[in-house]
Amino acid sequence: MSSGLREVLGREVIIADGAMGTQIQAARLRPEDFAPTEGCPEILNVTKPQVIEEIHAEYLAAGVDAVTTNTFGANLTALADHKIADRLHELAFAGARLARHSADQAGPGHWVFGSMGPGTKLPSLGTVPFSAIRDAYQTQATAMLDGGADLLLIETCQDLLQAKAAAIGAQRAVTATGVAAPVIVQVTVEPTGTLLLGTETRAAVTALAALGIDGMGLNCATGPDAMGEHLRQVAAALPLVSVMPNAGLPDMTDDGAIYRLAAEELAQALAQFVEEVGVAIVGGCCGTTPEHLAAVVRRLAHRPLPARSPADSTAGCVSSLYHAVSLRQDATILSIGERTNAQGSKAFREAIAADDLDTCVAMAREQARNGAHVIDLSVDAVGRDGPADMARIAARFNTEQTLPVMVDSTDPATVEAALECLGGRAIVNSVNLEDGGVGLRALAPVIREHGAAVVALTIDEEGQARTAAQKVRVADRLIETLVELGFDERDIIIDPLTFPIATGAEETRRDGAETLRALQAIHAAHPAVGLMLGVSNVSFGLAPPVRVVLNSVFLFEAMACGLSAAIIHPGRITPLDRLDPALRDAARALVWEQGPSDALAVLLGAGGASVAASAQSTLPVAERLRRRIIEGNKAGLADDLEEALRTLTAAVIVDDLLLPAMAEVGEQFGAGQTQLPFVLQSAEAMKAAVTHLEPHLAAAGSADRRGQPGVVLATVRGDVHDIGKDLVDIVLSNNGFTVHNLGIKQPLTSMLAAAQEHDALAIGMSGLLVKSVEVMRENLAEMNARGLRIPVILGGAALTRRHVEESLAPLYAGEVRYAKDAFEGLTILRELSSAPGNAAHDGGP
Amino acid sequence: MMARRVRGIPLDDYLSHLDRRALFAGRWGLRGSPEELAEQGEPRLRELLAEVRMQGIAQAGVAYGFFAAHAEGDSVIVQHEGGEVRWSFPRQLRDERLCLADFVRAEGDVIGLMVVSVGPAWGEVGAAWREAGRFRDFFELHGLGAALAEALADHWHERMRKERGIDAGQSYSFGFPACPDLSARGDLARLVGADRIGVEITDGHMLVPEHSVDALVLFHPAARLFSP
């Protein structure tokens with residue numbers, strides 16, 4: 001039956017079969033054969049078993065070692081689409097029996113791989129719950145093991161959360177049935193280089209290897225030529241690697257997808273993977289046929305494999321759905337953002353209470369922006385349904401931000417709810433020994449099943465450990481217990497607790513030093529274990545600016561003692577050399593409980609006046625609007641505009657408040673006082689303001705915005721560069737001009753046509769290439785020959801002012817001007833629009 | 001000699017080669033001391049990278065190969081399956097009177113050629129952001145794409161050195177002073193099969209998508225950048 005597979009797996013190459021779907025199509029079945037469904041392939045396991053057996057027999061005759069069951073869609077969502085979800089066990093079992101029978105007919109040494117496909121709904125997209133598909137996968141796997149499957153092949157995974165559900169379901173089936181079948185997970189890497197949802201290969205490897213599967217690989221989406229790099233990443237971390245490519249990328253013809261990779265080419269590619277990467281299981285996916293596999297068999301049948309031990313384990317690595325992060329950061333600590341914590345942050349708590357998940361996500365992204373490597377997520381709040389809150393928010397954090405998540409809860413239901421929404425490899429914060437380990441042993445299986453890393457606090461039956469000796473003792477016990485439960489040391493993080501040391505209470509004075517000494521001792525005894533602190537606790541009670549000092553000093557002292565991670569406010573740690581030396585020294589003295597005894601007094605006495613509340617709201621609205629433009633600040637813009645509209649018309653707001661502010665920005669830029677990113681931010685505020693005012697401008701019928709002077713912009717023929725031109729577009733558009741941006745590679749004729757159609761004030765030609773200067777020369781000569789006089793403004797890296805003025809301008813009777821940047825162009829246009837003869841343009845801005 | 005294409009190179013593989021100073025000051029135009037540049041630039045970089053990951057904007061591909069070559073005077077002749085191409089390079093008129101061809105042996109040498117790209121999505125997403133009024137994001141995304149293309153080229157140059165087992169030499173992109181003739185790009189792209197990673201050369205010898213870099217990789221220990 002099945003036990004022989006483990007003896008050969010990894011010792012010699014196992015060749016699996018090719019595509020089932022195309023073979024089914026070739027069998028020319030009729031719609032009735034699929035009754036009561038419309039085309040469900042798995043139904044054939046009971047309606048047309050002989051067809052399926054024949055396909056297995058063909059592959060076996062070609063010489064393959066293993067056949068894959070016709071159960072790719074025997075899962076919850078795919079069968080539910082066909083309205084036969086209740087027949088999952090029946091079809092999975094039947095599929096396994098058919099394959100088993102075929103394999104047995106071929107003689108000993110032939111195996112059955114139970115195929116588990118991804119289904120039609122991805123849990124990361126919120127369209128199906130994790131637990132539902134996990135349980136259905138367990139049913140499917142159990143049925144296939146009962147039916148004689150030797151190995152469970154979870155394939156074509158595009159969503160790590162679905163892959164995890166399948167892996168857990170498969171492993172639960174293995175445990176329950178007692179059949180020790182290996183579990184392999186194959187992901188599908190798109191031609192873009194990531195999984196469909198954006199997962200990088202290393203993130204997939206990190207998350208999946210942690211689940212305790214036997215091997216990992218790639219299948220589908222591309223031919224073998226795109227897989228090499230990714231297989232190397234898998235091989236670096238997993239003992240068993242599998243690959244089942246498509247027969248190349250398909251040509252989409254009227255007859256459907258045609259796969260062009262020849263049998264010999266596939267065989268050659270797979271042989272290379274075996275030789276260069278150490279792949280142990282090969283096969284084929286879409287477009288591969290018995291002929292393909294016969295060629296593979298000729299090349300690789302029973303090829304012995306050298307023993308492999310992957311060098312680059314993913315222990316000590318975590319991941320989001322997108323990318324992997326090491327728990328040990330070179331030269332710095334792992335920075336864990338503290339703000340998305342309902343107990344620690346009023347803003348987060350209120351966002352949860354208001355069901356404002358967008359704000360919750362924004363707070364996570366803000367921390368990423370400020371340099372956090374991981375996000376701590378805690379929703380525990382009195383009177384609310386913790387697991388439900390956690391599930392909602394974790395689901396959003398899974399896809400809408402890119403940092404790995406530290407699930408901050410000690411309640412098993414809440415932790416599980418989070419882990420069932422996170423496809424990456426998470427960290428669970430925390431376990432401890434306060435009840436002797438009962439809680440820890442209740443939570444550990446959930447953490448292990450999901451492959452998460454774990455934080456353990458030095459709390460035991462005597463309470464929170466306060467002295468270094470106590471912390472070390474509890475830490476030793478925690479590490480021993482967790483390792484016994486199967487955790488790798490590199491996936492364990494000890495938190496020896498941070499107590500406030502600046503409250504003035506006598507008994508807390510030594511807590512800083514005790515924690516630091518504990519770090520040193522634990523690090524020396526267990527160098528592979530991570531060490532973490534919730535740094536902000538240390539300064540509880542001090543004024544905010546002083547808290548930053550104490551937090552920063554404490555953090556840096558702790559790092560010197562072996563700290564590898566810290567929960568912090570990422571934007572609020574200051575390098576030591578930037579701190580006020582007196583405060584810094586006082587903080588250090590307080591932390592180590594050495595030095596002057598008035599250190600605490602120094603810190604308590606500092607704190608200063610709180611930052612004077614910005615008098616922003618008491619400024620007149622005109623000034624506020626001006627500042628918004630200059631600072632590029634859109635928050636609250638709408639309210640200010642509405643207030644202004646009470647006394648001013650929209651046209652006056654634009655012409656007398658906003659445009660002059662933009663002009664100021666331009667002057668600042670010209671004087672080197674501001675830079676392009678901030679200019680663009682101002683332009684954004686300008687555009688937002690004008691957009692908000694649009695209805696009022698139209699309604700009033702005043703100063704028809706379409707009567708703004710127009711200008712044509714284009715990159716000349718033969719040139720594809722447009723960033724410069726687009727920046728000019730943005731600046732001009734938000735300074736009162738209507739821009740007709742024609743795009744790149746524009747012939748002169750289209751520029752002239754547009755200029756005429758829009759009665760443009762000027763034509764702006766842009767180009768990067770040296771050759772484009774030639775094109776501009778030709779354009780000007782042509783315009784001259786046609787007797788045109790519309791002004792031309794030239795810009796681009798290949799031009800110089802001198803060249804334009806001396807060599808190009810003389811070619812054209814109309815005006816030719818050089819603009820070194822968007823603002824010079826703006827100045828020129830303003831001149832042109834207020835020149836006599838342009839009275840039709842309303843005087844311009 | 002062989003030419004290969006590699007697609008879907010992970011962002012994390014080449015991100016470490018990103019020249020932050022060139023990005024923050026050169027492309028984004030920020031000013032200030034190195035600390036000030038980092039303070040302004042790093043948060044924006046992190047924010048944009050998160051969007052890049054979530055939207056799958058970075059789609060890195062490389063077309064490269066090693067080719068038999070030899071030098072004749074100021075020219076380098078490169079052998080390929082269909083025959084050979086001859087590229088001529090300018091020689092300095094003073095200083096050491098260097099020419100690129102000096103770094104290739106008169107017979108039996110091997111040079112590297114590569115075209116790398118971070119994909120077409122940068123321009124597409126950028127245009128959408130611009131339409132939506134996200135001007136700063138649009139501008140900085142463009143700069144980031146260009147900087148990452150350079151980082152990818154640096155990363156791949158390192159890879160090619162490892163593959164050859166020679167940790168020396170210099171890579172040169174056409175259009176720069178030592179090899180100003182852009183028309184050679186068409187040959188280079190053809191030799192490595194750049195079209196198979198979606199990179200084309202326009203009539204004006206420009207690489208499309210825009211965020212692509214080409215390079216001639218020499219392994220001579222004395223090879224360095226210079227201006228004729």
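Residues are numbered from 1 along each chain as its sequence is written, while chains are lettered from A and ligands numbered from 1 in the order in which they are written. Because the model is predicted, local features need pLDDT of at least 70 and side-chain atom pairs count only at pLDDT 80 or more, though totals for chains, interfaces and linings use all residues.

**Chain A overall**

Of the 845 residues in chain A, 54% are buried (20 or more other C-beta atoms within 10 Å of the residue's own, with C-beta atoms placed from the backbone).

**The barrel**

Eight strands of chain A, in the order E13-E14-E15-E16-E17-E20-E21-E22, close into a barrel with parallel pairing (two strands pair if DSSP finds at least two bridges between them). Neighbouring strands in this sheet are turned by 25° against each other on average, direction ignored. E13(A) and E22(A) pair in the parallel sense over four bridges, and in one of these strands, E22(A), Ala566(A) is the bridge partner of Ser335(A).

Some of the pieces mentioned here, with their residue ranges:

| Element | Residues |
|---|---|
| Strand E13(A) | 334–337 |
| Strand E22(A) | 565–568 |
| Helix H16(A) | 412–419 |
| Helix H17(A) | 438–449 |

**Two helices side by side**

How do H16(A) and H17(A) pack, and at what angle? Their axes are 10 Å apart and the angle is about 5° (axes are lines fitted to C-alpha atoms, for helices over the stretch in contact, and angles run from 0 to 180 degrees between N-to-C directions). That makes H16(A) roughly parallel to H17(A), a label for angles under 35 degrees. On the H16(A) side, Pro412(A), Val415(A), Glu416(A) and Leu419(A) meet Ala442(A), Leu443(A) and Val446(A) of H17(A).

**Where the chains touch**

Chain B gives 35 residues to the contact and chain A gives 38, where contact puts C-beta atoms, placed from the backbone, within 7 Å. On the chain B side, H3(B) gives the most, with seven residues. The predictor gives the complex an ipTM of 0.91 and a pTM of 0.90. Chain B has a mean pLDDT of 94, on a confidence scale from 0 to 100 for each residue.

Note on methods: Contact = placed C-beta atoms within 7 Å. pLDDT = per-residue confidence, 0-100. Parallel < 35°, antiparallel > 145°, perpendicular 65-115°, else oblique. Buried ≥ 20, exposed ≤ 12 C-beta atoms within 10 Å, placed from the backbone.
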